[in-house]
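Me: I have a protein model open and want a quick walk through it. Can we go piece by piece?

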Amino acid sequence: MCRADGGDGGAPAQAGAPGPPDLDAFWATTLAQLSQVPVDLRRTPRHAPSAHTVAHDLEFRSWGGQPIRGYAITWEDAAPRPLIVHAHGYRSQAVPRLGWVRAGCHVLGFDVRGFGRSLAAVPAPAPAGWLLTGARGPETSVLRGAVCDYVRATEVAAALNVPTLRAISHGVSLAGGLALMAEAVAPRADLLVLGVPTFGWTEGRRLLVEAGSGAEISSFLDQHPQYPEDDLQAVLSYFDTALLAPRVRCPTVIGLGVVDRVVPCATVMAVVEPIRAPREVMTFPVSHDAGPAMRAWDRFDERWLGLAVGGVPDGFGQDGFGQDGSPGQRSAAASRTQAR
């Protein structure tokens with residue numbers, strides 16, 4: 001296992017960081033502004049993947065009035081089913097998750113502003129990278145709108161009025177960070193699923209990340225030494241998932257890769273440690289990798305989907321990482337069974 005300073009074991013260096021003094025006020029203002037934006041939900045029928053399901057392309061308004069697009073696949077019957085909201089990774093877009101539908105779930109996926117079908121929702125992205133768009137201040141940061149996109153997607157999911165057994169917020173990498181922040185500031189989920197959630201431990205990302213959005217920041221700062229790095233880090237601290245993690249209250253499943261150049265293990269552990277809700281951590285040899293070792297992540301999908309369909313059992317969180325942060329059976333078992 002790793003820690004936030006790159007060593008083995010121990011508590012992350014992020015622990016105890018106070019964060020911006022107006023963090024609560026910032027998010028309260030943000031959500032108040034979002035509430036003033038009409039949802040303006042529009043649904044266009046699309047081909048359903050199987051009998052007894054219906055599918056729609058979606059468009060709705062998010063923070064700043066920007067249009068966000070996605071899809072929904074729901075079941076026609078009256079049986080209460082899990083309702084999963086998901087997005088996508090960096091430089092990607094949401095792909096219909098038909099396997100989740102076949103497992104008996106309603107599914108809503110959306111493209112974060114500036115990506116895929118929601119590309120136009122960021123009309124002037126920063127040349128240095130999406131994450132640097134509007135980064136002169138937290139009020140204008142693209143991340144502010146992106147978190148609101150996830151919050152609004154959970155609201156849209158509820159507005160679908162399908163019989164819902166439990167609500168699941170799901171995200172991997174970029175979407176993992178957004179799902180955590182959305183749940184922290186506007187709780188709605190019964191289960192939070194986070195695969196290598198990003199944006200945790202802002203200072204550590206500057207030192208450890210070798211690719212992806214964190215590398216774009218490092219490259220920008222290296223090429224513009226006159227830019228006040230402390231100011232940029234201060235802006236990003238409003239979106240530091242490690243600082244917002246203590247606000248999560250629902251059961252949470254987290255997956256991390258021991259080797260990851262995009263979302264290093266230490267930055268994920270900086271997010272894991274502050275979570276006070278029942279949590280379970282599964283570790284894998286690699287993440288953000290194209291090799292065969294990624295097949296081990298099938299166990300992660302099997303685990304959280306089983307919880308989504310069957311419910312969270314009593315004692316959840318006592319396997320894996322317990323409330324004291326000590327490693328336990330679930331993560332050890334996952335690690336032992338990865339090479340296959």
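Me: How many helices and strands does the protein chain have?
Reply: The protein chain has eleven helices and nine strands. Helices (H or I, at least four residues) and strands (E, at least two) are DSSP runs, numbered from the N terminus. This is a predicted model, where local features need pLDDT of at least 70, side-chain atom pairs count only at pLDDT 80 or more, and totals for chains, interfaces and linings use all residues. Residues are numbered from 1 along each chain as its sequence is written, and side-chain values use heavy atoms, with hydrogens and water left out.

Me: What is the mean pLDDT of the protein chain?
Reply: The mean is 90, and 89% of the residues reach 70 or more. pLDDT is the predictor's confidence in each residue, from 0 to 100.

Me: Where does pLDDT stay under 50?
Reply: Residues 8-16 stay under 50, and the model has 19 contacts for them beyond four places in sequence. Contact means heavy atoms within 4.5 Å. Residues 319-340 are also below 50, with 49 contacts in the model beyond near neighbours in sequence. Where pLDDT is low, the predicted coordinates should not be read in detail.

Me: OK. What share of the residues is buried?
Reply: Buried residues make up 56% of the 340 in the protein chain. Buried means under 20% relative accessible area, exposed over 50%, partly exposed in between (1.4 Å probe, protein chains only).

Me: How many residues are in the largest nonpolar core?
Reply: That core has 103 residues. Leu108, Phe110, Trp130, Leu178 and Trp304 have the most contacts inside it. Helix H3 (residues 142-159) gives the most to this core, with ten residues. A nonpolar core is a set of buried Ala, Val, Leu, Ile, Met, Phe, Trp, Tyr and Cys residues joined through side-chain atoms within 4.5 Å.

Me: What does phenylalanine 110 touch?
Reply: Not counting residues up to four places away in sequence, its partners include Phe60, Ile68, Val85, His86, Asp149 and Tyr150.

Me: Back to H3. Why is it largely enclosed?
Reply: Because 15 of its 18 residues are buried, H3 is largely enclosed by the rest of the structure. H3 reaches 25 Å from its first C-alpha to its last, close to the 26 Å expected at 1.5 Å a residue. The expected span is 1.5 Å times one less than the number of residues. Asparagine 161 follows H3 and has a positive phi, near 60°.

Me: And H1, which residues there are buried?
Reply: Leu23, Phe26, Trp27, Thr30 and Leu34 are the buried residues of H1. Seen down the helix axis, they fall within an arc of 90°, so they line one face. The arc is that of the directions from the helix axis to the C-beta atoms. These buried residues pack against H3, helix H4 (174-185) and helix H8 (241-244).

Me: New topic. Is serine 287 buried or exposed?
Reply: Serine 287 counts as buried, at 3% relative accessibility. It is found in the loop between strand S9 (279-286) and helix H10 (298-310).

Me: Which side chain makes a polar contact with the side chain of serine 287?
Reply: That of aspartate 260, at 2.5 Å. A polar atom of the serine 287 side chain also lies 3.4 Å from the backbone nitrogen of glycine 257. A polar contact is a pair of N or O atoms within 3.5 Å; within protein, one must be able to donate a hydrogen and the other to accept it, and residues adjacent in sequence count only if both atoms are side-chain atoms.

Me: What about histidine 288, what is its phi?
Reply: Histidine 288 has a positive phi of about 50°, although it is not a glycine. Most residues other than glycine have a negative phi. Histidine 288 counts as partly exposed, at 36% relative accessibility.

Me: And histidine 52, buried or exposed?
Reply: Histidine 52 counts as exposed, at 56% relative accessibility. Its phi is positive too, about 70°. Histidine 52 sits in the loop between strand S1 (42-46) and S2.

Me: Last one. Where is glutamate 59, and which side chain does it join?
Reply: Glutamate 59 is found in strand S2 (residues 53-61). A polar contact of 3.2 Å joins its side chain to that of arginine 69. Glutamate 59 is buried, with a relative accessible area of 17%.
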